[in-house]
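Please look over the sequence and the structure shown here before reading on.

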Amino acid sequence: MTGYMAPLEGITTYIYRAAYHHHFRPMDKYFTPFISPAQKRPLRTRETRDVCPENNEGLPVIPQILTNDVALFLDTCRELEALGYTEVNLNIGCPSGTVTARGKGAGFLKDPEELDRFLEQICQGSSLRISVKTRLGWADPEEFYELLPVLNRYPLTEVILHPRVRQEYYRGKPHREAFAEALKESVHPLFYNGNLFSTRDITEIFGQFPETAGVMLGRGLIADPSLWERYSQTEAEKAATEVSPSTISSEEKLKDRIRSFHDEIYEAYRRDLSGDAPVIHKMKELWFYMVQLFSRDPKVEKALRKVQHRDEYERWAGQLFRQNDLDFSGFVPPAGWQEKGSK
Ligand SMILES: Cc1cc2nc3c(=O)[nH]c(=O)nc-3n(C[C@H](O)[C@H](O)[C@H](O)COP(=O)(O)O)c2cc1C
């Protein structure tokens with residue numbers, strides 16, 4: 001079973017990825033949040049820090065690129081190759097209005113011919129392997145029948161499919177029936193991404209689609225960093241293979257590990273950023289997802305929203321870890337989130 005960590009801008013930074021890799025069952029690949037290259041300087045300082053080898057030692061990291069400019073894509077590839085990368089991922093699924101208005105991300109899905117030309121040129125021009133992360137189309141899942149032949153024409157390493165269309169952002173349920181069709185037609189290994197929030201969801205996907213190359217986990221994994229590990233353990237137990245006792249964690253031990261994982265991220269942001277405010281902002285972004293693992297009481301989240309200073313934050317987090325049992329029932333996107341989290 002292959003599992004990838006999805007890119008989440010602002011959250012799955014090199015600091016987050018390293019802490020995750022250190023504390024939980026490693027993922028098979030970690031995709032960086034998109035790099036949106038600019039003329040003259042493909043990688044900005046923040047992006048260079050996110051991909052530089054010193055910050056990613058020992059992790060299978062795939063940098064993701066978001067652009068519709070062939071020259072910029074190839075310049076970025078050259079910089080990434082110089083840093084030692086052999087593979088990149090092209091983002092053609094980002095639904096954000098500012099991105100799609102410029103024909104990037106899911107903007108490509110409105111114009112398969114343009115995508116065809118783009119893929120032809122980048123596949124010819126780059127010596128790096130290229131994979132694609134996409135949605136089904138712009139407005140109608142049926143559009144995938146036009147898109148898939150385009151993807152099939154190029155030597156992509158793999159395709160990660162979030163089976164929604166752009167216009168849905170994150171609303172409703174992913175179109176699993178469309179994923180089944182895509183699996184039949186794709187010449188590339190196809191990965192499933194979208195709304196895998198509990199171990200049961202992951203089991204369902206592998207059960208329903210045994211030919212899938214694997215899954216990519218996003219919000220579900222951020223909400224519960226033990227998700228992939230717990231899923232893998234359950235599968236190992238089902239297969240009655242030996243699971244060494246050290247890999248089976250009691251809930252209490254798991255809570256301690258989540259605490260150490262949290263502390264590692266918090267300390268790293270404190271070293272990396274200056275002043276309390278940006279550190280607390282980063283931690284709040286993470287807790288937006290992870291809080292549900294500890295408490296579904298809206299008052300707890302409300303209290304966090306008010307936190308401004310380091311000592312208040314540490315008090316809030318300490319209490320949360322002390323007072324709550326873990327709740328593995330799975331992430332539930334808060335009401336109204338679909339528009340806000342529209343990346
Ligand atoms: C806050 C946020 C930031 C995201 N940033 C990126 C990104 O940089 N690149 C990308 O391909 N997808 C990005 N996504 C989409 C996720 O990678 C993933 O496809 C999406 O959340 C659906 O999977 P999930 O239901 O498992 O979360 C982002 C999603 C969210 C919520």
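The text below treats the domains, the interface between them, the ligand surroundings and the salt bridges.

**Domains and their interface**

The structure is a predicted model. The protein is divided into two parts, domain 1 covering residues 3-238 and domain 2 covering residues 250-323. Their C-alpha centres are separated by 27 Å. To the contact, domain 1 supplies 22 residues and domain 2 supplies 16 residues.

The size of an interface is often expressed as the accessible area lost when the parts come together. Between domain 1 and domain 2, about 1,700 Å² is buried, and carbon and sulfur atoms give 65% of this area. On the side of domain 1, the residues that lose the most area to domain 2 are Ile 15, His 23 and Ala 223, which together make up 30% of what that side buries.

Polar interactions also cross this interface. The rule finds eight residue pairs in polar contact between domain 1 and domain 2, both residues being at pLDDT 80 or more. By residue class, the side of domain 1 that touches domain 2 holds 12 nonpolar, five polar and five charged residues.

**Ligand surroundings**

The ligand is surrounded by 20 residues, and the closest are Pro 7, Gln 64, Asn 193, Asn 195 and Arg 219.

| Residue | Protein atom | Distance to a ligand oxygen atom |
|---|---|---|
| Gln 64 | polar side-chain atom | 2.8 Å |
| Asn 91 | N or O atom in the side chain | 3.2 Å |
| Gly 218 | polar backbone atom | 3.0 Å |

**Salt bridges**

Side chains of opposite charge can pair when their charged atoms come close. Across the interface of domain 1 and domain 2, the rule finds two salt bridges. Elsewhere in the listing of pairs, the side chains of Glu 229 and Arg 257 form a salt bridge with an N to O distance of 2.9 Å.

A search of the whole structure finds 20 salt bridges. One further pair joins Arg 17 and Asp 50, whose closest N and O atoms are 3.1 Å apart. Arg 17 belongs to helix α1 and Asp 50 to helix α2 (residues 45-51), so this pair ties together parts that are 33 residues apart in sequence.

Terms used. Residues are numbered from 1 along each chain as its sequence is written. This is a predicted model: local features need pLDDT of at least 70, side-chain atom pairs count only at pLDDT 80 or more; totals for chains, interfaces and linings use all residues. Side-chain values use heavy atoms; hydrogens and water are left out. Domain bounds come from an automatic or database domain assignment. Contact means heavy atoms within 4.5 Å. Buried area is the accessible area (1.4 Å probe) that two parts lose on being put together, summed over both. A salt bridge is a side-chain nitrogen of Lys or Arg within 4 Å of a carboxyl oxygen of Asp or Glu. A polar contact is a pair of N or O atoms within 3.5 Å; within protein, one must be able to donate a hydrogen and the other to accept it, and residues adjacent in sequence count only if both atoms are side-chain atoms. Ala, Val, Leu, Ile, Met, Phe, Trp, Tyr, Cys and Pro count as nonpolar, Asp, Glu, Lys and Arg as charged, and the others, Gly among them, as polar. A residue is near a molecule or strand if one of its heavy atoms lies within 4 Å of it. Helices (H or I, at least four residues) and strands (E, at least two) are DSSP runs, numbered from the N terminus.
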